[in-house]
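The sequence and the structure are shown first, and the discussion follows.

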Amino acid sequence: MDSTFIIEKSVVILVVFAFTMIMAMYSTWAERKVAAFLQDRVGPNRAGWGGLFQPLADGLKLFSKEEFTPNTPNKFLFVVGPGIAMATALMTSAVIPWGDRFHLFGRDILLQATDINVGILYVFGIVSVGVYGIMIGGWASNNKFSLMGAIRAASQMVSYEVAMGLSIIALTMMTGTLSLKEISAQQSGMNWNVFYQPLSFLIFLICAFAETNRTPFDLAECETELIGGYHTEYSSMKMGFYLFAEYANMFISSTILAVLFFGGYNYPGMSWAIENWGVNIANVLGITALFIKLCGFIFFYMWVRWTIPRFRYDQLMHLGWRILIPLSIFNIMITGIVILRTEIAAYLGF
């Protein structure tokens, strides 16, 4: 492994990490602006033009707040909980293809931290670890409301991961690969998977709301019942880590939705742009196209939050186990029949 390759990958990883942090930070500003727009208010407008420095002010405020640790025998786990939540939120971006490639200094630089052939399994594995951050934090808080919020979050995420995984099975049956880069490449020329797997996309979208603990699935931090849920006892930047992790997860899940179902970095006329404008300009436009798609999903997250009230917990579990999972299994059966239609017809003598 040469040093140039290590430098190249290090730069890509640092850029992706910085971009994820900036997007998570400014998603808090966008959330407040979207809420103000939907409710006919002004929103943040003091810190900088249009309130653009508000996330920096909020970060400074969190850093300067008093560090409070409850009377708990698990002080180490109390600190580890938000760290796990934040780490898993950032690790997921490693397998996302942000573009095809740049040709610089005589080298082709892939716009992806790492391309593994089981990228989707990696995403599910990291997401499933994220529940430990919430569960550990709620349990180590030595607070019954935090513990109930953590139990709610754990059962909710486990339940909806089943439906999410089943919805992706139908997609992988059609694409024949688990590599996110290969799935993106197959969708060139508006050949988007959402046109072939609309039910899979709908199930994945609903489960993404539940996995990120966003309204109407934010029962884990339901303030009318549980004060603040699993992060009731947290303050300063430990609280900030949980909030950052939520917005980072929202950003990553929006990107994965765009990659799996909406072509990722592909856009109409991309092959023509490569031939006439060159690889670099065409891929800058591809990164821009991916950014527009994921920002559309982030706006949708926020729109739903300020439009739909949260479910009761029994409704949430009913939707997950008795509606989404059977729908996912039905979608797998239909996809299998369509893929094997020729063999089935021949077997039946048609």
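How many nonpolar, polar and charged residues does the lining of the largest cavity have, by class? The lining has 15 nonpolar, 7 polar and 3 charged residues. The model under discussion is a predicted one.

## The largest cavity

The largest cavity holds about 380 Å³ of space. It is lined by 25 residues, and those closest to its centre are Val127, Met157, Glu211, Thr212 and Asn249.

Two or more residues come from each of helix H3 (75-91), helix H4 (119-140), helix H5 (144-175), helix H7 (198-211) and H9. The largest share belongs to H9, which supplies 7 residues.

## The second largest cavity

The second largest cavity contains about 40 Å³ of space. Its lining is made up of Ile120, Val123, Phe124, Leu180, Phe204, Ile256 and Leu260. H4 and H9 are the elements that give two or more residues to this lining, and H4 gives the most, with 3 residues.

By class, the lining of the second largest cavity divides into 7 nonpolar residues, no polar and no charged. For the largest cavity, by contrast, the lining includes 7 polar and 3 charged residues.

## The largest pocket

The largest pocket has a volume of about 940 Å³. Among the 40 residues of its lining, Thr28, Asp58, Met239, Leu243 and Tyr247 are the closest to the centre. At least two lining residues are supplied by each of H1, helix H2 (54-64) and H9.

H9 gives the most to the lining of the largest pocket, with 9 residues. H9 also provides the largest share of the lining of the largest cavity. The lining of the largest pocket comprises 18 nonpolar, 9 polar and 13 charged residues.

## The second largest pocket

For the second largest pocket, the volume is about 440 Å³. Its lining consists of 19 residues, and Val11, Val12, Val15, Phe102 and Leu111 lie nearest the centre. Helices and strands both take part: H1, strand S1 (101-104), strand S2 (107-110) and H11 each supply at least two residues.

The largest share of this lining, 8 residues, comes from H1. By class, 16 of the lining residues are nonpolar, 1 is polar and 2 are charged.

## Aromatic contacts of Phe19

The structure holds 21 aromatic pairs. In one of them, the ring centres of Phe19 and Phe251 are 5.7 Å apart and the planes stand at 70°, so the pair is edge-to-face. Because Phe19 belongs to helix H1 (residues 3-38) and Phe251 to helix H9 (residues 236-261), this pair ties together parts that are 232 residues apart in sequence. Phe19 is partly exposed, with a relative accessible area of 30%, whereas Phe251 counts as buried at 0% relative accessibility.

Phe19 also pairs with Phe291: the ring centres are 6.0 Å apart and the planes are at 55°, so the pair is tilted. This pair likewise links distant parts of the chain, with Phe19 in helix H1 and Phe291 in helix H11 (residues 279-305), 272 residues apart. Phe291 counts as partly exposed, with 33% relative accessibility.

## An aromatic cluster

Which residues form one aromatic cluster? The members are Trp192, Phe195, Phe201, Phe204, Phe261, Phe262 and Phe297. One of these residues, Phe204, also lines the second largest cavity.

## Cysteines

The number of disulfides comes to 0. Cys207 has 0% relative accessibility and therefore counts as buried. Cys295, at 27% relative accessibility, counts as partly exposed.

Note on methods:
Residues are numbered from 1 along each chain as its sequence is written. This is a predicted model: local features need pLDDT of at least 70, side-chain atom pairs count only at pLDDT 80 or more; totals for chains, interfaces and linings use all residues. Side-chain values use heavy atoms; hydrogens and water are left out. Rings of Phe, Tyr and Trp (its six-membered ring) pair if their centres lie within 6.5 Å; planes under 30 degrees apart count as stacked, over 60 as edge-to-face and the rest as tilted. Helices (H or I, at least four residues) and strands (E, at least two) are DSSP runs, numbered from the N terminus. Buried means under 20% relative accessible area, exposed over 50%, partly exposed in between (1.4 Å probe, protein chains only). On a 1 Å grid over the protein atoms alone, a cavity is a set of points where a 1.4 Å probe fits but cannot get out, and a pocket is an open set with protein on both sides within 12 Å along at least five of seven lines; lining residues have an atom within 4 Å of a point. Grid points are joined across faces, edges and corners, and a volume is the space filled by probe spheres set on the points. Ala, Val, Leu, Ile, Met, Phe, Trp, Tyr, Cys and Pro count as nonpolar, Asp, Glu, Lys and Arg as charged, and the others, Gly among them, as polar. A disulfide is a pair of cysteine sulfur atoms within 2.5 Å.
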